[in-house]
Amino acid sequence: MAYNIDAYAKINLGLDVIGRREDGYHLVRMVMQTVGLCDSLSFEPNSSGEISIRSNVDLGPARNNLIYKAVELIRSEFGITDGVDVDLHKRIPAAAGLAGGSSDCAAALKAMNSLFSLEIPDEKLAAYGVRLGADVPYCLMGGTALAEGIGEVLSPLGSVPEAYVILVKPPLGISTKEIYERLDSESDIGHPDIDGLIAAVGRKDLDGICGLMGNVLEKVSCGIYPVINEIRNDMKAMGAKGAMMSGSGPTVFGLFDDHDTASKAYQRFKSSRFGEATFLTGFTAP
């Protein structure tokens with residue numbers, strides 16, 4: 001009865017902040033894209049009534065984990081008394097701007113829906129997801145999408161052209177809350193052309209996509225951690241068509257249209273001090 005699922009990382013091809021709600025949440029317009037780097041999860045009901053999570057990495061207290069919270073939310077909503085055993089193999093770095101936790105959370109919601117034959121429609125599952133995290137509804141859908149509101153209002157976009165994607169995460173963690181707070185105090189914000197980026201995606205124009213990529217948070221994060229800008233510049237020097245920070249960082253991704261160029265850049269980063277958190281992958285769709 002085990003349910004097995006891969007949970008994919010995401011990058012932001014575009015990220016703009018256009019306002020702030022009274023409750024403090026920021027309003028965004030983002031072009032989101034899943035990539036092939038993924039965690040692997042297995043879920044199986046048990047009769048003990050307990051939720052257990054085993055992983056290849058230290059997750060800290062189980063109750064603080066989004067997988068646990070997702071399982072507990074669905075159990076509570078539907079009066080489920082069975083417990084669930086979860087096996088998690090982490091590959092997506094934590095606190096990286098790649099939505100690893102949100103993607104695992106989305107996988108847990110899908111697993112509960114399937115394991116207990118709940119037949120929760122996609123819209124309702126997304127509503128549960130946003131209660132757990134703003135990126136969770138997107139992670140439920142995956143692919144290429146425009147995310148608006150606080151990230152939960154989703155519009156699927158046409159598939160992007162094929163590209164090789166290198167991800168490099170420097171050995172530091174960034175507080176998303178801190179980055180957004182610092183952004184609020186910025187007076188000179190360069191807003192990316194999200195509509196132009198969407199049009200380039202529609203044309204399957206990789207050069208256009210790379211030329212229009214932008215992340216309003218990048219300047220803030222680079223101001224605190226210059227290594228982000230260093231990696232981005234190195235990526236471009238190694239032949240990336242475009243390179244940018246994902247989310248609030250610190251991961252930088254580079255897009256390549258040539259396998260040999262991407263492979264050489266990957267090997268250079270892999271043999272550098274960033275080696276343990278360097279990945280070569282590509283775009284993926286649900």
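Buried means under 20% relative accessible area, exposed means over 50%, and partly exposed lies in between (1.4 Å probe, protein chains only). The model is predicted: local features need pLDDT of at least 70, side-chain atom pairs count only at pLDDT 80 or more, and totals for chains, interfaces and linings use all residues. Residues are numbered from 1 along each chain as its sequence is written, and side-chain values use heavy atoms, with hydrogens and water left out.

**View A. The aromatic pair of Phe78 and Tyr128.** The structure holds 1 aromatic pair. Rings of Phe, Tyr and Trp (its six-membered ring) pair if their centres lie within 6.5 Å; planes under 30 degrees apart count as stacked, over 60 as edge-to-face and the rest as tilted. The ring centres of Phe78 and Tyr128 are 6.5 Å apart and the planes stand at 70°, so this pair is edge-to-face. Phe78 belongs to helix H1 and Tyr128 to helix H3, so the pair ties together parts 50 residues apart in sequence. Helices (H or I, at least four residues) and strands (E, at least two) are DSSP runs, numbered from the N terminus. Tyr128 is buried at 3% relative accessibility. Phe78, at 35%, is partly exposed.

**View B. The largest pocket.** Its space is about 1,300 Å³. A pocket is an open set of points on a 1 Å grid over the protein atoms alone, where a 1.4 Å probe fits, with protein on both sides within 12 Å along at least five of seven lines; lining residues have an atom within 4 Å of a point. Grid points are joined across faces, edges and corners, and a volume is the space filled by probe spheres set on the points. The lining has 46 residues; Ala99, Ser102, Ala134, Asp135 and Thr176 lie nearest the centre. Elements that give two or more residues to this lining include strand S1 (3–20), strand S2 (26–46) and helix H5 (176–184).

**View C. The second largest pocket.** About 250 Å³ of space lies here. Of its 19 lining residues, Met213, Gly214, Asn215, Glu218 and Arg232 are the closest to the centre. Strand S8 (214–215), helix H8 (218–224), helix H9 (227–237) and strand S9 (242–245) each supply at least two lining residues.

**View D. Backbone at Gly249, Pro250 and Ala95.** Most residues other than glycine have a negative phi, and most peptide bonds are trans. Gly249 and Pro250 are joined by a cis peptide bond, with omega about 5°. Pro250 sits in the loop between S9 and strand S10 (252–256). Ala95 is not a glycine, yet has a positive phi of about 50°.
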